[in-house]
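Here are my notes for you to read alongside the structure.

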Amino acid sequence: MQNAPHRPEIMAPAGDRASFLAAIAAGADAIYLGLKHFSARMQAKNFGLGELAALTEYAHKKGVRVYVAMNVLLKPGDARAAGGLIERLARMVRPDALIVQDLGLIPVIRQAGFAGEIHISTLANATHPAALAVAKELGATRVVLPRELNLDEVKLMAEACPEGLELELFVHGALCHCVSGRCWWSSFFGGKSGLRGRCVQPCRRLYRQGGAKGKPERLFSCQDLSLDVLTKPLLDIPQVGSWKIEGRKKGPHYVYYVVTAYRMLRDQPGDA
């Protein structure tokens, strides 16, 4: 008897209610999103607790998991406010997981009474196998791999993945100029920290070489990510439990069609 094929979840981004509902309509298995505070995509509309409570209840009825990204670095005076927000989130919304960058937030999460899963954000830069063991010791159940890793590096991480920990991999969306958003350029350029969710994306702007007469070019912008051609070999890595789509600032049409495309690639690999 043949083993059932590996079936990672398809995780959709949602920056507003319309994108959230589009993800469910497209057949996403999970949705990740941010609140009005402590989110790495503060330019997105994001969600208040009352709205998110209703949407999460609806998602759970449809069998869709909801993950809340609190994936920014905390300042010294942020812990009390973050803890209070997590306490209300656990009581009112009951999401399935929190996604964190700042490892110091993990004990705050547990002290605030959140009993769900803890996922380590790609912004925490777990770029080598030893980091996975540390994540497991801290109580994480999932690590989001940096999207800059190639397939061989992903396989090495999978081989080193401790039991009880799974990996999440970006399959589609934007690439930062620096490794997984660990960038201070926006802070220097405009006083808005990317590590606090306010990146002004200077790497995507036009620049000239050779003075005013130079042709404007996107000298620093990376080509965006699309792993559609690698979905078949990814299905052979059981430790990768989630395919993540970037785009919390995108609209519902993007969410619907990209989720649909990767769901087809996962469920019908022979037709790809």
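1. A buried aspartate. Please keep in mind that this is a predicted model. Asp102 has a relative accessibility of 17%, so it counts as buried, the cut-off being under 20%. You will find Asp102 in the loop that links β4 (97-100) to α4 (105-111). What does the side chain of Asp102 reach? It reaches the backbone nitrogen of Leu74, at 3.0 Å. Leaving aside residues up to four places away in sequence, Asp102 touches Val72, Leu73 and Leu74.

2. Strand β3 (residues 65-70) runs parallel to β4, and four bridges join them.

3. Two helices side by side. Two packed helices are described by the angle between their axes and the distance between the axes. For helix α1 (residues 17-26) and helix α2 (residues 49-61), the axes come within 11 Å and cross at roughly 5°. Angles under 35 degrees count as roughly parallel, so α1 is roughly parallel to α2. On the α1 side, the contact is made by Arg17, Phe20, Leu21 and Ile24. On the α2 side, Glu51, Leu55, Thr56, Tyr58 and Ala59 take part. Sorted by class, the contact of α1 with α2 has six nonpolar, one polar and two charged residues.

4. Strand β2, covered on both faces. Five of the five residues in strand β2 (residues 30-34) are buried, so the strand is mostly covered, with under 20% relative accessible area as the cut-off for buried. Which residues lie on each side of β2? Ala30, Tyr32 and Gly34 are on one side, and Ile31 and Leu33 are on the other. Strand β1 (residues 9-13) pairs with β2 in the parallel sense, over three bridges. Within this pairing, Met11 has Ala30 of β2 as its bridge partner.

5. Strand β9 and its partners. Strand β9 (residues 240-245) is mostly covered too, with six of its six residues buried. β1 and β9 run parallel and are joined by three bridges; here the partner of Ile10 is Trp243 in β9. β7 also pairs with β9 in the parallel sense, over five bridges, and one of the bridge pairs to look for is Leu167 with Val240 of β9.

6. A closer look at Val240. This residue of strand β9 has a relative accessible area of 0% and is buried. Val240 touches His6, Pro8, Val154, Leu167 and Leu169, not counting residues up to four places away in sequence. For a distance to check, the C-alpha atoms of Val240 and Gly164 are separated by 12 Å, and these two residues are 76 residues apart along the chain.

7. Is Phe170 buried or exposed? With a relative accessible area of 4%, Phe170 is buried. The residue sits in strand β7 (residues 166-173). Setting aside residues up to four places away in sequence, Phe170 touches Tyr32, Thr122, Val144, Leu145, Arg147, Leu225, Leu227, Lys244 and Glu246. Phe170 and Met11 are 159 residues apart in sequence, and their C-alpha atoms are 9.2 Å apart in space.

8. A buried arginine. Arg142 belongs to strand β6 (residues 142-144). Its relative accessibility is 2%, and Arg142 therefore counts as buried. What does the side chain of Arg142 make a polar contact with? The partner is the side chain of Glu9, at 2.8 Å. Not counting residues up to four places away in sequence, Arg142 touches a list of residues that includes Glu9, Met11, Tyr67, Leu167 and Ser242. Also among the residues touched by Arg142 are Ile118, His119 and Ile120, as well as Leu165, Glu166 and Glu168.

How values were computed: Residues numbered from 1 in each chain as written. Predicted model: local features only at pLDDT ≥ 70, side-chain atom pairs only at ≥ 80, totals over all residues. Heavy atoms only, no water. Helix = DSSP H or I, 4+ residues; strand = E, 2+ residues; numbered from the N terminus. Buried < 20%, exposed > 50% of the residue type's maximum accessible area, 1.4 Å probe, protein only. Polar contact = N/O pair within 3.5 Å; in protein donor to acceptor, adjacent residues only side chain to side chain. Contact = heavy atoms within 4.5 Å. Axes fitted to C-alpha atoms, helices over the stretch in contact; angles between N-to-C directions. Parallel < 35°, antiparallel > 145°, perpendicular 65-115°, else oblique. Nonpolar A, V, L, I, M, F, W, Y, C, P; charged D, E, K, R; others polar. Pairing = 2+ DSSP bridges.
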